2 protein chains.
Amino acid sequence: MRNDTLLRALLREPTEYTPVWLMRQAGRYLPEYNATRAKAGSFLALAKNPTLAAEVTLQPLERFALDAAIVFSDILTVPDAMGLGLGFTEGEGPKFERPLREEREIRKLAPPDLRKLEYVFGAIRESRSGLGGRVPLIGFSGSPFTLACYMVEGTGSDDWRTVKAMRHSRPDLLHAILKVNARAVTDYLNAQIEAGAQAVMVFDTWGGALAFDDYEPFSLAYSREVLKALKKEHEGRRVPSVLFTKGGNPWLGAIAASGADAIGLDWTSDPREARRIAAGRVALQGNFDPAALFAPADAVRAEARRVLDRFGPAPGHVFNLGHGILQKTPIDSVSALVDEVRAYSRKMRSAPAPAA
Amino acid sequence: MRNDTLLRALLREPTEYTPVWLMRQAGRYLPEYNATRAKAGSFLALAKNPTLAAEVTLQPLERFALDAAIVFSDILTVPDAMGLGLGFTEGEGPKFERPLREEREIRKLAPPDLRKLEYVFGAIRESRSGLGGRVPLIGFSGSPFTLACYMVEGTGSDDWRTVKAMRHSRPDLLHAILKVNARAVTDYLNAQIEAGAQAVMVFDTWGGALAFDDYEPFSLAYSREVLKALKKEHEGRRVPSVLFTKGGNPWLGAIAASGADAIGLDWTSDPREARRIAAGRVALQGNFDPAALFAPADAVRAEARRVLDRFGPAPGHVFNLGHGILQKTPIDSVSALVDEVRAYSRKMRSAPAPAA
């Protein structure tokens with residue numbers, strides 16, 4: 001691999017600069033992505049076509065000096081393969097035709113036949129081949145809890161009232177779903193590793209919506225099961241894992257002890273406090289507010305330096321956004337961000353280290 | 001006043017039970033509210049009619065054994081009175097006709113003539129008269145930052161990209177707006193106190209959307225200015241103040257030192273950790289997940305007990321939701337919640353205290 005900076009940073013090894021990639025970096029803010037998506041016909045058709053998915057996976061690397069690619073896919077592929085019937089309504093996001101509400105249906109739930117997810121593994125193989133060793137390829141999945149949110153609710157939600165009502169009225173049923181999801185996500189990520197993913201990330205997008213006492217038993221416990229059962233090595237190399245809970249501040253200590261090699265931080269996290277909590281056990285990824293990319297390039301560069309300063313020059317930081325890149329993000333801002341991270345962090349790391 | 005439990009709890013004085021009220025308790029989940037709103041013609045017409053606003057303010061007290069009323073109004077009355085032209089689109093929330101984007105417009109911004117907000121003070125006077133001393137009446141305002149979010153963005157937003165772009169490109173302009181807002185909110189809340197509000201609450205609904213380093217200078221600093229300048233006494237009695245930042249976990253220590261008598265907690269906060277941070281300096285309000293009200297009554301009661309247990313029997317807790325009550329919340333759940341809080345907390349407080 002010509003540039004393995006990301007993998008080394010995720011394992012807290014020294015790097016010459018802070019590697020950077022952007023959640024949802026292959027996405028609607030790129031005209032070339034929109035062109036490929038139009039060719040595919042729909043978001044889901046694009047995700048299910050390995051050749052086109054690999055094409056959009058590689059697109060952002062042509063524009064920006066990114067240190068990783070992430071396979072283009074959706075977090076809801078697993079419940080779709082379980083038979084819930086994933087669809088997307090324009091402007092309204094994902095929707096399952098058959099949400100899980102009835103005990104009878106829940107008792108029948110099983111991890112999917114991985115052959116139904118072959119399109120993801122195919123996209124990984126084609127992306128790896130297209131990358132030709134330039135940078136590592138990241139695989140990913142929704143967390144067991146985040147999948148359950150959509151599976152029970154049927155769609156995205158501002159309040160997740162249906163899944164939370166189940167948590168209070170029939171916690172046993174929610175645990176039954178989560179148990180199946182944990183096995184499914186484990187198998188899915190391990191198959192991604194077999195197909196060539198060189199790092200994997202668990203997106204716990206909605207764990208942070210849980211009540212304080214509920215996060216550990218309903219979300220973190222199942223992510224931990226997944227992380228524990230992941231293949232640690234492939235092709236003779238460590239495969240680092242990342243766990244990202246959006247809004248995870250109240251539980252950062254527990255998240256840092258989850259078994260992941262790195263944890264994701266949104267922009268409300270204090271990097272200094274996160275460094276203290278991580279205590280050298282895990283690397284940290286993220287923290288730049290995606291909305292700040294709507295400022296002019298100079299302001300974006302200043303904000304990038306601020307975030308880098310807050311993390312400091314110690315190893316174990318991967319620069320990223322605190323959530324997925326937003327639609328209509330100006331491309332010039334993304335260029336400015338990526339360039340500034342590379343240049344400024346290289347300078348930071350070559351400066352004499354302050355006395356510890 | 002026949003029941004001043006809320007006021008005493010907000011000042012951390014001993015009470016016989018934990019007082020309870022619910023954010024947005026006068027709202028769309030009540031059929032009688034919907035009937036009055038239909039009579040008024042629209043949400044805004046209802047808010048601007050002191051007699052009808054007082055009518056809906058009192059409605060929830062007829063159904064539930066609540067320990068406070070909160071005047072029915074909107075958080076955006078102040079920028080409306082500044083001339084931005086507040087409107088509501090059905091199902092899409094608030095929208096300003098003239099959002100603040102241009103420096104020229106921002107430089108002209110001034111605190112509103114309070115006579116334009118006379119309908120709020122009238123609603124307070126009529127509510128006080130209708131209450132006849134049963135329970136205290138709470139007044140409120142959006143925080144300077146939360147008002148600025150809507151004033152700049154023009155509507156609600158998932159990402160507040162416009163106001164955040166301004167924060168990075170022209171922080172001086174955002175500070176100029178916040179400075180005017182802080183004076184306006186101070187005058188507005190003091191006038192509410194003069195009109196009869198017996199406690200006041202600052203709703204910082206969107207401060208928690210800020211990047212970690214930005215919360216203090218762009219939100220908390222201005223809420224603190226307001227809190228400092230509030231009348232502390234009226235009608236010979238202390239007027240307690242509450243500051244609530246949704247998603248405020250990363251800054252709870254600073255929020256507790258803001259000068260408010262009590263701070264609001266959403267459901268992701270750990271009550272034990274909040275008690276530790278508050279360290280007896282401020283009371284705590286909130287924490288019950290509004291989505292849990294969609295569970296059956298028995299489960300709602302169990303969850304209410306769990307929240308009460310987490311706070312423990314020490315003085316200085318006001319039971320509330322962690323955010324406004326949701327549309328379509330079952331009324332039976334609300335009854336069960338309010339009754340359980342009263343009964344269980346009375347039992348908790350009469351039990352022998354554990355050794356400290």
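This is a predicted model: local features need pLDDT of at least 70, side-chain atom pairs count only at pLDDT 80 or more; totals for chains, interfaces and linings use all residues.
For the 356 residues of chain A, the rule puts a compact globule near 21 Å. Chain A has 19 Å, so the two values agree. Along its principal axes, the C-alpha trace of chain A spans about 65 × 45 × 40 Å.

Chain A contains 15 helices and 11 strands. Of its 356 residues, 57% count as buried. Contacts were also sorted by separation in sequence. Among the contacts in chain A between residues at least 6 apart, 73% join residues at least 24 apart.

Helix H7 of chain A was examined in detail. This helix covers residues 118-131, 14 residues in all. The expected span of a helix is 1.5 Å times one less than its number of residues. Several residues of the helix are buried. They are Val120(A), Phe121(A), Ala123(A), Ile124(A), Glu126(A), Ser127(A), Arg128(A) and Leu131(A). The list thus includes Glu126(A) and Arg128(A), and charged residues are defined as Asp, Glu, Lys and Arg. Gly132(A) comes just after the helix and takes a positive phi of about 55°.

The relation between the two chains was examined next. Two copies of a chain are related by a rotation about an axis and a shift along it. Here the turn is 180° and the shift along the axis is 0.0 Å, and chain B is laid on chain A with an RMSD of 0.0 Å. The two copies are therefore related as by a two-fold rotation axis.

The contact between the chains takes 27 residues from chain A and 27 residues from chain B. On the side of chain B that touches chain A, helix H9 (161-169) and helix H14 (297-311) each supply at least two residues. H9(B) gives the most, with 5 residues. By class, this side of chain B divides into 14 nonpolar, 7 polar and 6 charged residues. Of the interface residues of chain B, 100% are also interface residues in chain A, so the copies meet through the same surface.

Definitions and conventions
Residues are numbered from 1 along each chain as its sequence is written. Chains are lettered from A and ligands numbered from 1 in the order in which they are written. Two residues are in contact if their C-beta atoms, placed from the backbone, lie within 7 Å. Helices (H or I, at least four residues) and strands (E, at least two) are DSSP runs, numbered from the N terminus. The radius of gyration is taken over C-alpha atoms; the globule rule is 2.2 Å times the number of residues to the power 0.38. A residue is buried if 20 or more other C-beta atoms lie within 10 Å of its own, exposed if 12 or fewer, and partly exposed in between; C-beta atoms are placed from the backbone. Copies are superposed by least squares on the C-alpha atoms of residues with pLDDT of at least 70 in both.
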